[in-house]
Amino acid sequence: MPPLYEGLLTALGVGLLIGLIRERHRSDVDSPPSVAGLRTHALAALGSAVAWHLDVRAFLVFLAVTAALVI
């Protein structure tokens with residue numbers, strides 16, 4: 001398997017795991033409400049991995065756009 005695919009699959013897996021944990025904690029009564037869940041974290045992780053493989057400047061642009069959307 002090419003290293004590019006390994007990196008993308010790793011980013012997707014980590015994003016899915018973080019999103020799954022966030023969704024499971026969302027069902028707790030004591031936890032604060034969460035906007036981002038499984039799909040959001042998976043897309044953000046995969047998008048940042050793709051941007052990183054393209055160029056560092058593309059990654060910084062993706063990071064700035066993501067931060068602007070969060071704010």
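**Ground rules.** I'm working with a predicted model, where local features need pLDDT of at least 70 and side-chain atom pairs count only at pLDDT 80 or more, while totals for chains, interfaces and linings use all residues. Residues are numbered from 1 along each chain as its sequence is written, and side-chain values use heavy atoms, with hydrogens and water left out.

**The salt bridge.** I found that Arg-57 and Asp-55 are the partners, with their side chains meeting at 2.9 Å, N to O. Side chains of opposite charge can pair when their charged atoms come close. Next I checked how covered the partners are (buried means under 20% relative accessible area, exposed over 50%, partly exposed in between, with a 1.4 Å probe and protein chains only). Arg-57 is exposed, at 61%, whereas Asp-55 is partly exposed, at 31%.

**The fold.** I counted three helices and zero strands in the protein chain, so the pattern along the sequence reads α-α-α. Helices (H or I, at least four residues) and strands (E, at least two) are DSSP runs, numbered from the N terminus. Of the 71 residues, 17% are buried. I also noted contacts (heavy atoms within 4.5 Å): of those between residues at least 6 apart in sequence, 33% join residues at least 24 apart.

**Surface.** The chain's accessible surface is about 5600 Å², and 72% of that belongs to carbon and sulfur atoms. Areas like this come from the Shrake-Rupley method with a 1.4 Å probe; for residues, only the protein chains shown count as cover. I spotted a nonpolar surface patch made of Met-1, Leu-4, Tyr-5 and Leu-9, with about 460 Å² of accessible area together. Patch members have over 30% relative accessible area and no salt bridge; like charges are joined within 9 Å, nonpolar side chains (Val, Leu, Ile, Met, Phe, Trp, Tyr) within 5 Å. Leu-4 sits in helix α1 (residues 3-26) and is partly exposed, at 41%.

**Helix α2.** Does the length of α2 (residues 38-54) fall in or out of line with what its 17 residues should span? They should span 24 Å at 1.5 Å a residue, and the end C-alpha atoms are 24 Å apart, which agrees. The expected span is 1.5 Å times one less than the number of residues. Buried in α2 are Ala-42, Ala-45, Ser-48, Ala-49 and Ala-51.

**Helix α3.** I found Thr-66 in helix α3 (residues 56-70), and at 27% relative accessibility Thr-66 is partly exposed. Thr-66 and Ser-48 are 18 residues apart in sequence and 9.5 Å apart in space, C-alpha to C-alpha.

Key. A salt bridge is a side-chain nitrogen of Lys or Arg within 4 Å of a carboxyl oxygen of Asp or Glu.
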